[in-house]
Each structure stands twice: as C-alpha cells, then as structure tokens.
Amino acid sequence: MKKPYKEIIDLSWGDLQRAGVKPLSFVRQVICDSFPFIFFVEEQHMQVLAFSSELTPHSFSDVCLQNCIRKSFVSSGSYTATAGIPEIVHRVAEFITRQDGGIPSHPENIYISAGSQRALTNIVTILMNRKASPRTGILTPVPCYNIATLSMMAQGATVVPYYLNQEHSWELQIEELHRALESAQRVCNPVALYVINPGNPTGHVQSRKSMQEVIHFVSERSLFLLADEIDVYQDCFNGEKTEFVLMEMGPPLSDTVELASFHSASKGFMGECGLRDGYVELVNLDHTVMKYIYVLFSKDSSAPVLGQFALDLMANPPQPGDPSYPLYNVEMQNIRTTVADNAKRAVEVVNNMLGFCCQPVEGGAFAFPQLHLPPKAIEKAEEMGMKPDTYYCTRLYEESGVLVRPGSEYGQKEGTYHIRYIFQLTGLSCPFHINEHICNKLNCTVTSFHFTPFIFLFSRFCIATSADIMEELLKRLSIFHTQFMEDFS
Amino acid sequence: IMWRALTHAAMNGVPQRGKLLTLDNMNPKVKRVEYAVRGPIVQRAVQIEKELREGVKKPFTEVIKANIGDAHAMGQKPITFLRQVLALCSYPELLKDNQFPEDAKKRAQRILEACGGHSIGAYSASQGIECIRHDVAHFIEKRDGGIPSNPDNIYLSTGASDAIVTILKLLVSGEGRDRTGVMISIPQYPLYSAALAELDAVQISYYLDEDKCWSLDVKELRRALYAARQHCNPRVLCIINPGNPTGQVQSRQCIEDVIRFAKEENLFLMADEVYQDNVYAEGCQFHSFKKVLFEMGPEYSSKVEMASFHSTSKCYMGECGFRGGYMEVINMDPEVKAQLTKLVSVRLCPPVPGQALLDLVVNPPQPDEPSYATFMKERTAVLAALAEKAKLTEQIFNTVPGITCNPVQGAMYTFPRISLPQKAIDKAKEEGQVPDMFYCMKLLEEEGICLVPGSGFGQREGTFHFRMTILPPTEKLKLVLKKIKDFHLRFTKEFS
C-alpha cells in the first residue's frame, strides 16, 4: 500500500522503548544474570554464565541482585511473597526514605504489583461500596489519562471531574476542588480524591503550596488521597517550575490523612513498561484494613519477578565506582538530554504553528499542545461523525503516519462552557492565538459576550524518544498542519 | 513521594483522631474474601522462618513450604530452552553469542520483532502480542486434533488467574434474586471463592465425590443448580481439570456429561486446564473441554459458550514468577467480546516476558531442531519425577491409620482426609480455630511443615483434610511424609 511515508511514528503511548529509546544495558544484564544456564546435560548439571567476556566488559557480579538472591529469592520462575521479594521491598522503602529527605518509609506499607493499575484497582476495591446509595464517588482531574477513570468506573465508582486550570499551566486549584466536591455531594458519596503528579497528560508539576492545600482539603473533607505519581521522573525536570523539594515540616494538620501513593518503573528513564512493575505505598491506614488489603493482593499471587528486579534497579542504580556505572551513566545522560532537548524543541516548533499553543513541559513524558481548529474543520468532523480532535488526529495518522492521541480521550472543557472559562482570562495576558474580536470582547460584561465557539482541542504526544524521531515527527506535523489549515481556512 | 512527606509532617503535634477508612466503612464484600494458599498459616510459617534466622531454637532447622504450587521454589530446575530464549529476548546483545543454539535465537528474534521498539520492555497490545496469539491458536489446533482455533479468540493474561477473574467480572451482574450464581466444585482452588466474594456473586457449590476418587457426578450438579435457582440466577459453571486441590482427571464421559448439562441449563462453561500436562495415573488422560465439545457435533459446538484457561506456572515449566497465561473464548457473542476486549485494555497489557515464555510453551523445539533432545529429556524428567512422587505420596499416606488418600491422578497436590479425635475438635473450638487449621498449625510449630488446611478449599461438613504439594525433591518428600505420619500418630494419641 502506497503512502507518503515509510514508517509509522507512534508516540501515542507513554512508552519510551516503543518510541525508540533503548533499554538500559545494566537492567537487562541483571535480568539475564538471574537465569541459570545449564549447558552440560551430563550427570552434573552446572550453572554456567553463558556470556563470553568480549560481550560483557562489565562484570555481572557487582549487581545488587546477588544480595537479593542469597536470602529469600530462589528463581525468577518462582512466586514471591505477596507484597514482593522482601529484600526488594526493603530497598524500595529505603529509596523512598532517601527521596523524602530521611522521613522513614515502612516496608510493610508497600505492595509491589504487576503494574500500578493493579494496585490502584485493589485500593479502589477497598473504598468501594457497591450497594451503597448514593454511590461511592472519586474526584478525578480533567484532563486525565483515561485508563485510571475507566478502571474506577468499571468498579462501579462515580467519577466526579475537577478541572485543571489551563491558563495556569494546568494547575490544580483548590476552589475548583471545592466546587467539584459540592457538585459531587448531590449525586454520590465522595470518598476519595485522585491526583496525578506530574500531570498525565499535562506534564504539570504541582507546586508545594498546591499540594499543601490539597492535604488541608482532604483532611477537612475526610477524603482518602490517591496520589498517582507513576510519571515521576526522578531527576528529569524540564522547564523552570520544578519544585520537588522534600519537606521536613509541613503546616500542622491532623494525622488522619490517609494516603495511597502509586509509582512505577514503567516510567522514568528505565521505561520498562512491558515488565509490569509498579508499587503502592500506604500511609496512615488502619491496621485491620491493611490486613484485608493483604488478602486482596494475595489472590493475585505475586508481581512478575522480572518487573520486581526492574523496580529494585530503579531504586538502586549503579553508583560511581561500580563497574557498571560508566556505561549506565552514559546511557542515562543520553536519554535525559534527549528528552530535555525534545521538550524544548517540541514546544518551540509547535508554538510557531498557526492555531497551535503548547504549554512548557515541566515533567512527565508528554507534550500537550492545544489546537484551535477553524470552524470549517469542526463542521467537517461533525459530518464525519467524529469529535474534531479525533478527526484531526485521524487525518494526521492517515496522511503523515504520525500517531498521537486526541485530547477528547482525556476530557476537556466543552466549547459551550467557554463563557465562564474565558471569563477567567480577564486581566491576564492571553497566551493563545485567539482572534482580536474575542480579545476585545473580554472587556465587556459577560452577558453581552458572544464568541465564535472555537473548540480548544488537544493532542498528546510522547517526547521521550530519540532526537531523530522527534525531528521527523515535527517535520511531518508541520507539513500536514500547514496544509490542513489551508484546506479549512 | 512528596505527598508522603507532607502527610508525615502533618502528623506532628496533632491529637489522635479516628481513622478515615475502617472495617466498618470499607467495602463490606472484602471481609468475606479469603485466600487460604497465602493465608494465616503461611504468614505464621514466614514468621517462624524469621525466628530461625534469628537463631531461635526449634525442633527443626527449616520450614518446608508445601503449601503453594511453586515448583522452582522446591528445587525444580527451569527448562533450559525457555530460559535461553528469555535471556536472548532480555538482552539481545547475546544474539551474537555462539553458545546459544540457533532455534533459540530464531524464536527470540521473532518475538522481539513483534514487540514495540523491538524490546520486551514496551507495552504490547492489551490482548497480547499478535504473533504469540497465533502460535497459541496453532498449538490448540494441534493439541485438539485439528479443530480450528481463531487467534482473535485468544487473550493473553497475567497468569491464568487474571483471565479467570476478568471473565467472572464480565459474567457477574444483576441484583437480589437475579444476582449471578457461579457453580464451583467443593473442594476448589480458593481464587474462585475469593473472586466470587469480591464480586459479590453467589457461589453455588457442587460436591466432588471423595469415595469415587473425587469424580464429578452430573446428578450432583443438578441438585446444586436447582437449589440455587431459588435465590439467584445461575449462569456459570466452573470446572478445574485436572483438579486443584484434588488432582482428579475427569474421564471423557464425564466431560461430555458436563457439556451436555451446561447446554441444557444454559450455563457459561469455565474450564480451568492449567494442569493439562500433569497427568500421572494409568488409564487417565487429559481431554480438553474444547476438543470434546467439538467432537460432540454442531448441536453443541455452535451453542455452548465457554472459556478455557492455561498458564505457564504449572505443567513441566513451573514458571510461576513470569505470570504467563491465556484464555480461549468459544462462541462468545461478538458484542460481549468487544466489551471483553475493552475490559482487558484497562490493565494495559500482560507482562511481556510472560507472553514470550508462553510462546515457547506453545511452540517448543521440534524434532528436527538442535534443542529438541535436551528439551524433551528435561520435560520428561520433570513429569516422570512428579508421577513418581504422586504414587509415593498416595502409598505412604495410606499406611497411616487415620489418613486416607485418594490416588493423585494429576496436578501437583494431594488432599488426604484426616480423622481427628473429638477431643482435638473440641480443643480447636476452644482456641477459636477450625479443626484442620488447628491440626496444620500444630504440625507447622512442631515439624516446620507448612500445609494448607482443607477448610481453605471447602470440604463436606464434618470432614477434615489438608492440601500438600508433591513438589519437594523425592528424598525430601519422603522425609516430609514420614514426619507427617509421625505427627499424625502423635496427635491422635495426644487427643485420644
């Protein structure tokens, strides 16, 4: 089949390796090291490392895995303890402690699971009361990656949206949380607040102040806090607003804030999504409830062993002085730099395209540009029975072989709600390419405000890929977009 | 991580208040969820191991964990070929190494090509890597004498458990008297009872006949079903073959009877066949439900709706830690299937190494390939050892007065019946324990052997059992059997 391109560029997933980033050598070497090779099939079965020395200049024996295998680990083919290989769980707890400036993390509060979604499902199960009336509700952000919300809905929860503030780089605003909670209380029994930090898909990193406000909020309103931190890039922060400062003391709050914090080795620079490695840390939960959480996890048996290794290595990478450190460091720096460069380049190029506007990417693996489609394009989409951004992304894929995700999948404010939405712009310098007509109107009273219902549309694409692929993506996108805007002008 | 820091900080200097999430307001269904295989006795076993490490004196030096079907944990060696290919997939640099046979490299390359970014670290399609699903379909066709299998009906999963729970989620609905009822054997593998409790489905228990080697009688199915119709809407029939914990291998006639029953009573069949290679007893043979269904003719094969499950955790592979498995759905309504496909997408995808491993299980070395000889030798050895241990176990247990053991026809466990003196039963009640838990706990404390009490699997009222795996190496198994024999005699004397 003839197309104007030879290869699809698929940046629709948060999947570094799919996007072309190579796995870290160290991680994969450790995984192999856990496999005994039996090459001699005589009476004596010998365990032999199969690798010739030319291939592996770095010794495998420096891996921390060795410590792990000695104690409780038997084989990568074995089940493990329900919460994970105990030595690994301990090391993850130590890792968290280090990250949090010494605030201790307790291993018995940690469960490793086959992907963080599984852990999230188990925690939501505990919170749910299917037979309750009104139904159990969970406040979730908009935009939000839909896997999480779909999963909650599949379990019977009512998902109550709170809108992140686009004008302020997708910040979570406390007034909006209040509003959402008020609206929720009429239709369901809200039990939890789900936050994603850094935002997925927005990439926004919550400020410390914002997080303090949220803690106050959940405490005052007796909500369980579900903190999705799976997109945390430990030391990759693009943009200026990075504030991952570890706090020693916070404002005085009650100690009843109960929290489940989700993490994964799928993200970050390891990007081992396919190994399925996630964990949840539970803070301040009742002891009896914890016992039942154990039972829920136990019927899944245990998380895949290779995924547990990946998590361990994320928590304990090679240190300077270790034989594997030089190669590891080179590979990591490479990825780090590429992603940071990609982020800058993507934002730069996209902001120069007519109708496009892209917030700076501060954290996470995605850019989330917004796109104003001309009315003719919106009409055409309706004719075709598609949402406008889906129409755009579909044509982009067909004509340029570039696969990105339309924003309507994540939820966004409807065009019809724009009166209030735009009202918030008053007094701010408008970052968008909104036409003059609308900008003038902003000074009038809202009641006399008429505006062309431009629908602000978004797409998401993964910026964690090689520089070449990013250039190619931006090139194809530019060409396609210019033509598209011309066609519908 | 940041959240934790803030919360911890918030804990300082504030008076204690009650907990937000408590036993009273948490999901009430969860209170009924139990999973005995990893339950209280195992937790105590882990504690004892810790005490041993700390130097506490015990009448034994190690805890033998005969509670869980984990072959590698008991010393069974992984199959060389499987691990070679997995190593090549994990670290493709090794493709340059001459020590790896060509057939292993070929398979690794094929798998990697099918992965995003040519890496097992990328997410795969939610239903599983396409070429692997094709291989699974091909394997099923070969196994079932040519009966076609459609790759679109194959869903790879995180172990068979994942697929089983997914199908149950799809099937359970309704309220009150219309709530879905799911038929499952007593005794059963407690994943089923746990999942049904969590989903708030109605468990419909049908009893296997201990006197007839745990066989299944359709009359009993009918009895259970008709009784259940009074208070729920029975829609599903689950059957584990070969059985867990009981090990029975259903006869072909029995399988036909079950299929007939399912058709007559409009039940969705769930056939858990993860132990399909673990068949030991003479005269016993594994018959896949799908094969029998299709051999019964179009009247059945076009009507009966079914899901069959398989896994990489058992059989000769024993690769539990990889979490590989699949299900094949038969005659599912296309609209329902679309929903199933949507449902599995919420978990993103099954672990890719597990998918790769499954590919090798369904696509093992062929006679003309270099790895064939070694592979067959290893496979045969594992299965032969299990068969030997199955016989040994039955023999030895049956020499103990007070223990009756049915032949271990298949799977990996023995589920002998133990007679407990009344005094012991009374003592157990005093201590607030179910009698067979009391027995097993005592065995653990005195001999360091960890079994799972029969109450964890279900049993007829007034009877007691335990489940023990036959996985320890033969010499160790002999030792374990002797210790249990001695313990039982002691126990009986103590409480006479």
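Chain A has 15 helices and 14 strands, where helices (H or I, at least four residues) and strands (E, at least two) are DSSP runs numbered from the N terminus. This is a predicted model in which local features need pLDDT of at least 70, side-chain atom pairs count only at pLDDT 80 or more, and totals for chains, interfaces and linings use all residues. Residues are numbered from 1 along each chain as its sequence is written, chains are lettered from A and ligands numbered from 1 in the order in which they are written, and side-chain values use heavy atoms, with hydrogens and water left out.

**Chain A overall**
- Of the 489 residues in chain A, 61% are buried (under 20% relative accessible area, 1.4 Å probe, protein chains only).
- Among contacts in chain A (heavy atoms within 4.5 Å) with a separation of 6 or more, 74% come from residues 24 or more positions apart.

- Not counting residues up to four places away in sequence, Met270(B) touches residues including Ile164(B), Val236(B) and Phe309(B).

**Chain B annotation**
- An unreviewed UniProt entry annotates residues 88-484 of chain B as "domain: Aminotransferase class I/classII large"; such annotations may be inferred rather than shown by experiment.
- Over residues 88-484, chain B is 43% helix and 14% strand.

Note on methods
Buried means under 20% relative accessible area, exposed over 50%, partly exposed in between (1.4 Å probe, protein chains only).
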